[in-house]
Amino acid sequence: MTILDVAKVVAGYGAAEEILKEASITVDAGEIVTIIGPNGAGKSTLLKLVAGLVPVRRGTVQFGGRDVTGLDALGRSATGISFVPQERNVFGTLTVADNLLISAYHDRAKAVSRRETMYERYPLLAEKRKALARTLSGGQRQILAMAMGLMSAPKMLLLDEPTAGLSPKAADALFDAITALNREGMPILMVEQHAVEALEISTRGYVLVTGRNAANGPGPALAADPEIRPLFLGG
Ligand SMILES: Nc1ncnc2c1ncn2[C@@H]1O[C@H](COP(=O)(O)OP(=O)(O)OP(=O)(O)O)[C@@H](O)[C@H]1O
């Protein structure tokens, strides 16, 4: 069952040229889908468009069988789409506990119990609950950002380069956390620079080049594709 259907979207910033030029992607229930491609291809723009942060000029976005093209970021969030940005994704001067609490602003009555669920799921957040978010390591911060994204009990998670700037060990741990979350049924759409590792845990992948679809297929097959690999995956 398709839960996200992005069809031939055209989008850009201000009056500048179009960045996305009829790009299309789908995400089915239970999938991890990864978007890869060269720098500036529009990968993050596509993710932000799904989150409602970049307006759609042409094309459509359907989520859960409903046309959400005209909804802004708050409206998309209310339908169950949760976006975890690449940068500035936690409040550094707030504690881990408060970062989680304020992320359930849609549903304050459930905030405390959901935070307990996050502590059970990610024990390091329970250990660090009183620590200021700015004192966390890069990997811990990304786990917090993902947990914040889950505090609204979303139906799909969007992750923008979750392993950017992490050590290989921390990146592996994060990919494990992403896989574990997906195994529980959470559909995930992500953009990743660590393309091989990301595709290997992905049901499917898309290659985006200059705002257009260039290729797609099962994640591991795309990672091993001799034509794709040297172009986008560092040989
Ligand atoms: N807020 C913005 N205002 C104007 N132009 C922007 C903005 N954000 C991105 N762009 C431009 O849009 C183009 C696509 O950027 P985007 O971040 O979507 O690419 P990307 O494929 O995610 O690349 P990267 O891997 O380098 O992050 C780039 O030319 C970028 O400079």
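Strands E9 and E10 form a hairpin with two residues between them. Thr210 lies in the turn and has a positive phi of about 40°. Strands here are DSSP runs of type E with at least two residues, helices are DSSP runs of type H or I with at least four, and both are numbered from the N terminus. The two strands, E9 (residues 204-209) and E10 (residues 212-218), pair in the antiparallel sense over six bridges. Pairing requires that DSSP finds at least two bridges between two strands. Arg204 stands opposite Pro218 in E10.

The model is predicted; local features need pLDDT of at least 70, side-chain atom pairs count only at pLDDT 80 or more, and totals for chains, interfaces and linings use all residues. Residues are numbered from 1 along each chain as its sequence is written. The mean pLDDT of the chain is 93. A value of 70 or more is reached by 97% of its residues. pLDDT is the predictor's confidence in each residue, on a scale from 0 to 100. The model scores ipTM 0.96 and pTM 0.95.

Strands of a sheet pair through backbone hydrogen bonds, either parallel or antiparallel. Within this sheet, E6 and strand E7 (residues 156-160) run parallel and are joined by four bridges. Met156 in E7 is the bridge partner of Ile81. Strand E3 (residues 32-36) also pairs with E9 in the parallel sense, over four bridges. There, Ile35 stands opposite Tyr206 in E9.

A further open sheet has four strands in the order E2-E1-E4-E5. Its pairing is antiparallel. Strand E2 (18-28) and strand E5 (66-67) stand at the edges with a single partner strand each, so one side of each is left without a neighbour in the sheet. Strand E1 (residues 2-12) is joined to strand E4 (residues 58-63) by five bridges, and the two run antiparallel. Ala7 stands opposite Thr60 in E4. E1 also pairs with E2 in the antiparallel sense, over eight bridges. Val6 stands opposite Ile25 in E2. E1 and E2 form a hairpin with five residues between them. In that turn, Gly14 has a positive phi of about 55°.

Among the helices, H6 (residues 138-150) packs against H7 (residues 168-183) at an angle of about 20°. Their axes are 9 Å apart. H6 is therefore roughly parallel to H7. Axes are lines fitted to C-alpha atoms, for helices over the stretch in contact, and angles run from 0 to 180 degrees between N-to-C directions. Angles under 35 degrees count as roughly parallel, over 145 as roughly antiparallel, 65 to 115 as roughly perpendicular and the rest as oblique. H6 passes H7 in a right-handed crossing, where the near helix is turned clockwise from the far one by less than a right angle.

On the H6 side, the contact consists of Gly138, Gly139, Gln142, Ile143 and Met146. These residues meet Ala170, Ala173, Leu174 and Ala177 in H7. Contact means that the C-beta atoms of two residues, placed from the backbone, lie within 7 Å. The contact residues divide into six nonpolar, three polar and no charged. Ala, Val, Leu, Ile, Met, Phe, Trp, Tyr, Cys and Pro count as nonpolar, Asp, Glu, Lys and Arg as charged, and the others, Gly among them, as polar.
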